Amino acid sequence: MEVGFLGLGIMGKAMAMNLLKHGFKVTVWNRTLSKCDELVEHGASVGETPAAVVKRNKYTIAMLSDPSAALSVAFDKDGVLEEICAGKGYIDMSTVDAETSIKINEAIQSKGGHFLEAPVSGSKKPAEDGQLIILAAGEKALFEQAVPAFDVMGKKSFFLGPVGNGAKMKLVVNMIMGCMMNAFSEGLELASRSGLDPHTLLDVLDLGAIANPMFKLKGPTMIKNSYAPAFPLKHQQKDMRLALALGDENALSMPIAAASNEVFKRARSLGLGDSDFSAVFEAVKSVKH
Amino acid sequence: MAMCSTFCPRIPHYSFLGATPAIRSISPSSPFRLSVRALSSPAQSSSSSSSPAKEIPGRIGFLGLGIMGTPMAHNLIKAGCDVTVWNRTKSKCDPLISLGAQYKSSPEEVAATCDVTFAMLADPESAVDVACGKHGAANGMSSGKGYVDVSTVDGATSKFISGRIQGTGALFLEAPVSGSKKPAEDGQLIFLTAGDKALYEMVAPFLDIMGKSKFYLGDVGNGAAMKLVVNMIMGSMMASFSEGLLLSEKVGLDPNILVEVVSQGAISAPMYSVKGPSMVRSQYPAAFPLKHQQKDLRLALGLAESVSQSTPIAAAANEMYKVAKSHGLSDQDFSAVIEALKAKQ
């Protein structure tokens, strides 16, 4: 199967690499072209622009960092919309708000193209291991056609209905995750300040009802103040902000999410935006009263 | 844990259930007979002890037969232990009495007639009352006995009780548990103990009957703190999960699918998979009463304040549980906190 791939950041690079390793012919594009080099070594070809990639491929996948990048790749000069047409499918796996997704969908469809939003749950390692969870919504037929690619990149795919539902599901999941990371940070810090060994806390947590892979994976590195980015904090805070906006639109009170967002903002102000989102722990530690 | 029952036939005044092969030498005046089965060579069971023998408790007291105490005491009885119970409401003792437990009408009498007394009370106030009140356990304690408080309380309460107990010459162990009703029934609790190490070692076999793992964390207060930290995280997680379920529904998603998506990923926790489906149906059968979760958050916030730590997420969660209590949901499962975010009917 042939596919275009736009966006070779932390996630896109790993996902495109998986496709290549599983025999897909992949045409890549990235804003910084040099990021394509490693993929080329593994057999990818390069398109100079998003439009060039779409021109040469029936299906194009995008994995961009935020709503503005997703809109830019679609709408700007030399963007996807210049070459999208009937018979071509665009699968945007970026995490954006529902409005952005709906906007891109409308524009794609107005050119006769087919659209699927498909944000993922999972960060760098699941991307590398092909263990992502794919939250797709939009055109069902395109979803079916994308399944071979999804099965390579992920362990499970959901089709959630009309465009916007994938975006919303992703935001809800990441909202819970951001709150959990904050709760975990508060607990780790309280354990330490109370004279307990935080590693023992990790052991206790791992045995009980609130054991989860995120605590198990991140706990040890957080205790060592090590925050190599698997999921950059700035993106987590963006997701909290978008989730809170959804809550606002629906008049739903979300005090935990609101409190968590504040701590992520504080972490950004401490310069931790490009660190892993677990670096919110540093913001939790830094407050003394 | 299941292994123990094959080693513990239901013999009155039976003791020793664990892995320690040490043999206790029995004085002629001992009121009970020991039947010991070491897990290692059978030859040991007939020899006199060559290593320092540990005191192995014969009669076990159990104070407090609520959601947790009842199955815990039940497991001890099933394993062949000699158990004497007390509960503020006597009728709660009846099922256990019919299974072979003895009954005394006050914590003091239980403590006086038992070697080790466990206490599982709902909150600091009851824990203090049962241990130190009129006809409290402390009045029946003396050198050679032990008191294991399995209640979840703050450090200061635990230290207060510990002081009173140890003042009688007895040993004290705080041992709050992680795990609610089902783990208690299944003998899968996690004990977070601190206090007298000698008592910890003595009661290890009983902890192993009631639980799947145990930690010894040092000085009194450390077990209490660890439990509060764990339940602080748990309370915040449940509150956040509630927000997620409601938001998914409000924006037109199926909350059951949210539960499934969560269960597939990095934030998948048993609590979410177990409670999610019933929360979606607005059902909250009490495994861990909401009032106790709020109590734990309140105590955790107190702990945080004592170490000058700001905990905005736990504070926000605590407010949600308080709102839920004001809606009359104190005795429902703590997952009923989701109701705090719904529009009042």
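## Exercises on the A–B contact

The span of residues 164–282 of chain A is 71% helix and 0% strand, with its end C-alpha atoms 34 Å apart (helices are DSSP runs of H or I, at least four residues; strands are E runs, at least two; both are numbered from the N terminus). This is a predicted model, where local features need pLDDT of at least 70 and side-chain atom pairs count only at pLDDT 80 or more, while totals for chains, interfaces and linings use all residues. Residues are numbered from 1 along each chain, chains are lettered from A in written order, and side-chain values use heavy atoms, leaving out hydrogens and water.

**Exercise 1.** Work out how many residues of each chain touch, and what area is buried.

*Solution.* Start with contacts, meaning heavy atoms within 4.5 Å: 59 residues of chain B meet 59 residues of chain A. Next comes the buried area, the accessible area (1.4 Å probe) lost when the two parts are put together, summed over both. That's about 5,100 Å², with 76% from carbon and sulfur atoms.

**Exercise 2.** Find the salt bridge between the chains, then see which elements of chain B supply the touching side.

*Solution.* Look for a Lys or Arg side-chain nitrogen within 4 Å of an Asp or Glu carboxyl oxygen. The count is one: B:Glu260 pairs with A:Lys156, their closest N and O atoms 3.1 Å apart. Now go through chain B: the elements giving at least two residues each include strand 8 (189–195), strand 9 (211–216) and helix 9 (222–250). Helix 9 of chain B gives the largest share, 19 residues.
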